[in-house]
Amino acid sequence: MVDLTGILGGPWTPPAENTLPPEDQLRDAIMGSGLTPPKEILLDGKVHRFFSGAKGSGGHDKPGWYIAFGDGIPAGRFGCWRSGVESTWRADVGRKLTHTEEMAHVRRLSEAKALRDAETAKKQEIAANTVETIWVECGRASPDHPYLTRKGIKTHGARVTGDGRLVVPLFDIEGNLSSLQYIAADGSKLYHSGAQTGSRFWQVGTMDEPGTLYVAEGFATAATIHEETGRPCVVAYSASNLVPVVGLLRETHGLAQDIVIVADHDASGVGQRYAEQASAKHGARMVMPPEPGDANDYKQAGHDLAALLSPPKDDWLVPADDFCSQPSPISWLVKRWVQDKALVMVHGPSGGGKTFVVLDWCLRMAGAVPEWASLKVRPGTVVYLAGEGHHGLRGRVAAWKVHNSAGPLSMWLSRDGCDLNTPTGYMRVVDNVRALPKRPSLVVVDTLHRFLLGDENSAQDAKTMLDACGALMAEFNCSVLLVHHTGVSDEAQHRARGSSAWRGALDIEISIVPGKDGGPIQIVQRKSKDAELAEPVWAELTSVTIPGWVDEDGQPVTSAVVSLTEAPVVAKKESKESVFFKIFADAWWASGTEEKDGSPYVTRSALRAKLMESCNEATADKKMKPGYPDQPVGALLAAEVISPFENGWVVSDGVYASVLLVRKNGERAKS
């Protein structure tokens with residue numbers, strides 16, 4: 001039996017009993033989109049118009065439309081040309097559609113769109129011919145028209161209908177008249193029914209002289225801007241039309257044209273939102289009145305519109321000679337290590353000593369200790385956001401005060417952590433810091449992991465944290481220092497764990513490298529954006545007994561502090577040449593210290609015997625071949641330490657030969 005499941009969409013099930021008739025479903029869909037549906041719905045595949053309830057409609061104006069097919073799975077499209085609503089619709093038949101039905105549905109929607117487009121094109125063509133006639137027959141507007149008088153603007157070529165309404169035109173980019181806008185004395189506006197308005201505009205003023213081209217929403221706003229500046233201003237007629245209209249202007253006038261969008265400051269934010277979209281997409285500047293209203297309202301309220309439209313030159317580009325004429329030295333909290341008003345990160349492995357180092361810097365600032373590693377420390381207030389280890393941190397601060405004989409500290413520590421990169425966590429920090437008697441010079445986040453909500457490997461989560469740090473720096477005019485962990489693998493021990501976005505945002509990056517075999521830790525600067533890298537510093541932890549502190553057994557409590565120390569002495573690595581010559585010398589001593597022409601001489605058999613004490617025959621033979629520069633004989637020959645002689649080699653380098661012969665003569669004298 002043939003399996004029809006893939007075609008029929010599974011077993012047949014009867015429609016649910018509560019499924020509404022398709023006509024009622026379409027009516028509900030239209031209502032759900034905010035439109036007033038028609039009383040009668042016809043599923044006949046034809047375009048039907050209805051009173052949609054959209055603002056501005058009335059009389060014989062029917063801006064709503066729908067097209068619906070009743071055969072098969074009922075479906076179609078509906079919308080309202082006035083409000084801009086358009087949506088597809090499909091009836092709920094109480095089951096999943098088969099593949100065949102899905103394909104039929106897609107086809108029906110395409111048919112509906114084609115019918116709608118054809119209807120729209122026909123309607124727009126009729127409307128274009130009508131508005132052409134109306135525009136020609138309208139008389140010129142009088143300067144004392146109530147709307148013009150109320151707005152305080154001139155006519156600028158506007159016309160007036162027989163019933164007294166002001167008329168302004170909408171043209172396409174080719175200059176063809178597409179629609180008209182009718183403005184009543186009270187300011188209410190209507191477009192000519194059925195005419196195309198999208199991407200249509202009107203320009204008040206001309207581009208005879210080079211300069212700025214302004215764009216605004218309404219006629220009164222554009223007229224006001226033109227009268228104030230003498231520059232042309234394009235009327236886009238609506239906020240949503242700003243994006244396509246600015247695009248057309250940019251395409252027409254080129255990238256060099258200065259285009260300024262003057263947005264309406266409406267309570268909904270719609271004007272600003274569309275103006276920002278047009279600005280970002282098409283490279284135009286944007287200005288907006290600082291208080292609710294448009295540019296006309298701003299001027300009529302007595303404000304300086306010219307200053308708003310043409311702000312003072314910001315001198316973004318300055319001559320190089322002027323740029324460097326004034327000294328601008330870097331300001332430091334800890335000279336060469338912690339920059340003022342900067343983002344700093346100190347990272348290291350767990351237990352590597354990073355908190356001890358950071359705490360030492362902070363306490364020196366807070367306790368007005370003037371130096372660290374013979375470098376100046378600026379006194380200042382410190383806020384230490386501690387996300388973990390509060391018990392141990394308490395002891396470290398106490399031990400530091402004892403060790404450094406410090407007085408009162410200008411430093412505050414958090415009781416716990418919070419999600420700094422969230423609005424709640426950020427405001428918790430800001431509110432507490434604002435309440436302090438002094439603003440901080442430095443805010444420490446220890447550790448980054450404890451204050452970050454999200455994944456430290458995520459560039460997006462890293463950005464939210466970096467934004468929070470930047471906001472703290474701007475709010476308190478301070479530096480922020482992040483304490484972070486390094487990766488686990490050996491190759492990751494010298495870089496911060498997580499996203500590369502961390503390092504890219506830093507002004508200063510510092511590694512804490514634990515010492516080997518209990519040796520001193522190394523403090524290494526990996527990045528310094530504005531200055532030369534500081535020389536590495538070495539430190540060790542010194543145990544300090546805290547007076548008056550005893551544990552539960554009555555034993556004194558100790559903690560540790562950072563003490564700077566000298567760099568560990570590293571033994572010089574013996575060169576490969578020296579290692580190979582030692583093998584040659586051992587073979588000479590073992591074979592009886594033979595000489596040829598006054599130079600130490602080693603036979604092939606003697607050297608082979610010495611080599612085979614630590615390797616097999618094959619390896620020994622390889623080490624004796626002159627063509628291998630990384631093996632003993634080849635390396636010594638290339639360095640001209642030895643030379644071939646008879647059935648072996650003599651030491652031809654005078655220094656090496658002298659060392660062996662002097663020692664041989666000394667041994668002979670002893671005997």
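Colleague: What should I know about the model before we start?

Modeller: This is a predicted model, in which local features need pLDDT of at least 70 and side-chain atom pairs count only at pLDDT 80 or more, while totals for chains, interfaces and linings use all residues. Residues are numbered from 1 along each chain as its sequence is written, and side-chain values use heavy atoms, with hydrogens and water left out.

Colleague: What radius of gyration does the chain have?

Modeller: The chain has 43 Å, whereas a compact globule of 671 residues would have a value near 26 Å. The radius is taken over C-alpha atoms, and the globule rule is 2.2 Å times the number of residues to the power 0.38. The C-alpha atoms fill a box of roughly 135 × 85 × 70 Å along the principal axes.

Colleague: And how many helices and strands?

Modeller: There are 21 helices and 31 strands, taken as DSSP runs (helices H or I, at least four residues; strands E, at least two) and numbered from the N terminus.

Colleague: Turning to α15, which residues are buried?

Modeller: They are A462, M465, L466, A468, C469, L472, M473 and F476. Buried means under 20% relative accessible area, exposed over 50%, and partly exposed in between, with a 1.4 Å probe and protein chains only.

Colleague: Where do they sit around the axis?

Modeller: These residues are on the same side of α15, because they cover an arc of only 150 degrees around the axis. The arc is that of the directions from the helix axis to the C-beta atoms. On the other side of α15, Q460 and A474 are exposed.

Colleague: What covers the buried side?

Modeller: The cover of the buried residues includes β17 (343–348), α13 (423–434), β22 (442–446), α14 (448–451), β23 (479–485) and α16 (501–505).

Colleague: What comes just after α15?

Modeller: N477 does, with a positive phi of about 55 degrees.

Colleague: Now the cores. Which residues have the most contacts inside the largest nonpolar core?

Modeller: They are W337, W361, Y384, L481, I510 and I523, in a core of 45 residues. Such a core is a set of buried Ala, Val, Leu, Ile, Met, Phe, Trp, Tyr and Cys residues joined through side-chain atoms within 4.5 Å.

Colleague: Which helix gives the most to this core?

Modeller: Helix α11 (residues 354–366) does, with nine residues. A second, separate core of 30 residues includes M345, Y426, L482 and A496.

Terms used
Contact means heavy atoms within 4.5 Å.
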